Structures are given as structure tokens and as C-alpha cells.
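Hello,

Here is the structure I promised to pass on. Please open it alongside this note; what I found follows below.

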Amino acid sequence: MKIKRLLAGIVTTVMCMTSVGFSSVHADTSYTSEDLKNLQDFILGKETNNLKDKGYDLNGDGIWDVFDLCMMRQNCINTENQGKTLVVYYSLVLPDGTDASASASRVIVDGKPYGTTEYMAKVIQEETGADLFEIQTVQEYPTEYHDVTNQASEEKESGFRPELATHIDNIDQYDTIFVGYPNWWGDMPMALYSFFEEYDLSGKTVIPFNSHGGSGFSQTVQSIEKLEPNAEVSTDGLSISRGTVSTSRNTIAEWIANLGYKKTEEDSPKNLVAYYSASGTTEKIATYIAEAMNADLFEITPVNEYTNSDLNWTDSESRVVREHNDLANVHVELVQNTPDNFDKYDNIFIGYPIWWYDLPMPVYNFLEKYNLSGKTVIPFTIHGGSGFFDTIDSITRLQPDADIVTDDYMISRNSVSDAKSEVISWLEKSVKNIQKAVC
């Protein structure tokens with residue numbers, strides 16, 4: 001099965017590279033991830049639902065094949081990319097402790113330092129679900145506040161345009177662009193002028209936001225209108241005093257909601273933390289993950305729960321030993337096989353202890369009861385020294401069509417009580433940006 005799926009992927013890739021010249025006879029049709037799965041299963045010879053009258057012959061050659069699958073995938077990507085939102089910002093953060101005025105460039109929120117405009121951009125991105133892009137310049141600025149303000153004044157007077165170090169690959173995919181910047185000498189930083197001169201935003205909606213020391217937007221919105229005459233530049237931007245940026249989350253969220261750009265529940269990936277915990281250690285880690293990821297919790301619970309004597313792996317007659325010795329014939333009935341409305345979840349964290357270098361039997365039964373095709377699965381485990389051992393391979397074997405994330409998390413059972421910060425760090429670095437693609 002794995003070889004067949006790999007070959008299908010290779011063939012599809014080759015076909016995609018050569019199918020650019022085909023034109024679709026269903027150009028006005030939008031396809032879904034379910035359509036993609038149906039067509040892929042059909043091509044692989046898998047059992048499918050009734051596909052009669054489905055318009056899957058996209059290139060009009062009378063057959064359903066990988067050419068059609070490739071064109072359908074591109075259709076999904078195009079549909080997904082329509083109406084996307086981008087948050088662009090420029091934020092110069094001076095090092096801590098340079099001088100008393102340096103704090104004007106940064107804020108501390110929940111113990112973390114941000115540039116004033118950077119923090120506003122972060123909140124906007126979280127509230128809208130938009131992509132995030134930071135404008136950076138090739139040249140470096142001084143580290144002293146007054147040196148920066150002097151250089152900014154000179155750049156403004158001379159009309160200097162700093163070279164940009166970062167660039168947007170495909171700005172055409174965005175319909176709405178939030179643009180943020182600090183107010184420097186009653187104007188935008190010159191890096192913003194470089195940005196607007198690099199990109200033609202005709203037909204797009206541009207929504208300004210900025211941080212300031214008392215002068216608000218000044219005439220910067222009018223400047224953007226002149227630089228982008230064919231864009232719709234909003235006059236309902238948000239300007240916040242740098243002294244109140246650190247407590248501005250609710251203000252920003254309300255502004256986003258009033259503009260009509262607040263991310264809906266349907267826009268967000270749905271997260272589930274499913275776990276089995278015989279002694280409570282895995283449950284503790286699962287709870288940390290659920291809190292950090294705003295995820296639902298589901299405990300995998302056997303009808304006949306394991307007692308302490310059942311878990312005694314040193315007793316050759318204990319339940320876990322007998323199950324391990326007869327894996328092929330053991331079935332552990334669960335109180336509930338899956339949570340309600342299981343289909344709504346995109347990302348599934350699966351947690352378990354290691355038993356005999358393997359998954360506990362309740363986890364085997366959970367994975368055997370439901371098809372996780374198309375879902376992102378993130379394993380985590382509690383162990384006594386063996387790490388994951390071969391359990392990732394077991395999950396992959398049981399769920400060959402799921403996207404199994406290998407940036408997984410494992411922790412010794414002796415370290416669980418102090419693991420919260422470690423779990424959050426793992427999520428921030430490796431998991432928090434996991435998003436289930438539409439296609």
C-alpha cells in the first residue's frame with residue numbers, strides 16, 4: 001500500500017508538471033478536499049462512494065486519471081487563495097538597556113518583548129487568521145534611540161529609500177492588506193515608501209495601523225493614497241499610542257470585528273487532544289496541550305479499566321503482559337470509540353504511555369476504529385526511558401493516509417510534574433503553526 005501510494009504521488013507530480021497546457025471544462029466549478037479524496041481513491045482502485053454524475057473529467061478526455069487529479073488540486077489551491085488577507089508591518093526594536101528612551105520602541109507582554117508595531121501586527125494576525133510579513137531593510141539602524149531619530153530625520157529630508165531585505169513572493173493572492181508602522185517625524189519610516197514603490201496594490205484594500213508618541217497617523221494615510229492611487233485605502237485605520245500598546249489587545253480585536261475581518265470559528269483549524277492515561281501522567285501533559293492549543297480533550301477509556309495489578313509488567317500473569325503476548329487476538333472495548341462530531345477536527349494530538357515498547361492496547365483500538373485520512377496527527381508520549389520506540393511506525397501503519405507529524409514530543413514520566421513550560425515551548429516552536437491545508 002505504501003509503495004502504491006508513493007508511486008501515485010510520483011506520477012501525480014510528473015503529470016502536474018506537464019499538465020499546464022490543459023484547459024478545464026469545469027472552470028467555474030469549485031472542488032473540495034472530499035472531491036480530491038474521492039478521485040484519488042478512484043485512481044488507486046479503492047472502494048468509493050457512488051461517484052455517478054461527478055464532474056471529475058476536468059480535461060475532457062473521457063477518463064478520470066492523474067491529470068484530472070492534478071487539475072482538481074490546482075482548482076482547490078486557487079479557491080483557497082481567493083480573498084486572502086495579509087498583515088505587513090515594519091517595527092524597529094532597540095536593544096534593552098541602551099538608554100531611557102529605548103523603551104519607546106518595544107513592549108513587554110506576558111514576559112515577552114515585542115516591537116510596538118510588531119505586537120499590534122501579531123494581534124491583528126491572530127484575530128484575522130491572516131498571513132504575516134515583516135518589512136526588513138538591508139541596512140542596519142543604530143542601537144541608540146536618539147541616533148535612530150536623527151537618521152530617520154535625515155532620511156525623510158533626503159527622500160532616501162532603503163533597500164528591502166524581505167520580499168513577498170506572490171502578493172497577487174491577497175485582496176486585503178493591513179499595513180503597520182511607527183510614526184517617525186510625522187511620517188512613515190522610509191522603508192514603507194520602499195515597500196509601496198515595490199508593489200502595485202491596485203484593486204486591493206489597504207488598511208493602515210500604527211503606533212505613535214502623540215501624533216497619531218499625521219498625514220501618513222494620505223501619503224499611502226498617493227503612493228497607491230488605484231488601491232482602496234481605508235480611512236478606518238487604527239492608531240495607538242505606544243504607551244498603551246501593551247494593553248491594546250481588546251481594542252484591536254474590537255476594531256477588527258467592526259471592520260468585519262474577525263476570524264470565524266470555521267476559519268480556524270479544529271484541534272483535538274486524544275489521550276490514554278492509566279496513571280494520570282499522560283493526562284497532565286494532554287491538559288497542558290489542550291489549554292495552549294484551545295483544543296478539545298478526549299480521554300480514551302476502556303470499558304474495563306486497568307487496575308494497579310493489571311499494570312504490573314513484572315507479573316507474567318498480569319493483564320498487560322497477557323495482552324502483549326497475544327496482541328493479534330486482543331480487543332479492548334472502549335466506552336466511546338471517538339468523540340462526537342469527530343469529522344470536524346483537523347489536527348489530532350494523540351498521547352499515550354509506552355507499554356512494552358509499544359502502544360497501549362486502548363490506543364490501538366482507538367486508531368483502528370476511525371479513518372484519520374487527511375487529518376494531521378501529532379503524537380506525544382510518556383515513557384520510562386524508551387522514548388517513542390516503534391510507536392510512530394505503528395501509528396503510520398494503522399493510519400496510512402493521515403499526515404503524521406514527526407516533530408513529536410516525548411517526556412520521561414519522572415519529569416511530567418514540571419513539564420508545562422517545556423510543553424508550551426515545544427508547541428510554540430514546532431506545532432502551533434500546523435494548519436490543515438484545504439488541498
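**Leu 334 and its surroundings**

Beyond its neighbours within four places in sequence, Leu 334 contacts Ile 300, Thr 301, Pro 302, Val 303, Pro 362, Asn 365 and Phe 366. Keep in mind that this is a predicted model. Leu 334 sits in the loop between helix H10 (319-325) and strand S11 (347-353). Leu 334 counts as buried because its relative accessible area is 7%, and the cut-off is under 20%. Asn 304 is 30 residues away from Leu 334 in sequence, yet the C-alpha atoms are 8.2 Å apart.

**Nonpolar cores**

The largest nonpolar core has 31 residues, and Ile 135, Ile 168 and Phe 195 touch the most other members. Elements giving two or more residues to this core are strands S1 (84-89) and S5 (174-182), plus helices H5 (145-158), H6 (190-198) and H7 (220-227). H6 supplies the largest share, six residues. Leaving out residues up to four places away in sequence, Ile 135 touches Val 88, Tyr 89, Tyr 90, Leu 164, Thr 166, Ala 191, Leu 192 and Phe 195. There is also a second, separate core of 30 residues, with Tyr 306, Trp 355, Phe 366 and Ala 402 among them.

**Cavities**

Two cavities reach 30 Å³ or more. H5 gives the largest share of the lining, three residues.

Best wishes

Notes
Residues numbered from 1 in each chain as written. Predicted model: local features only at pLDDT ≥ 70, side-chain atom pairs only at ≥ 80, totals over all residues. Heavy atoms only, no water. Helix = DSSP H or I, 4+ residues; strand = E, 2+ residues; numbered from the N terminus. Buried < 20%, exposed > 50% of the residue type's maximum accessible area, 1.4 Å probe, protein only. Contact = heavy atoms within 4.5 Å. Core = buried A, V, L, I, M, F, W, Y, C linked by side-chain atoms within 4.5 Å. 1 Å grid on protein atoms, 1.4 Å probe; cavity = no way out; pocket = protein on both sides within 12 Å on 5 of 7 lines; lining within 4 Å. Points joined across faces, edges and corners; volume = space filled by probe spheres on them.
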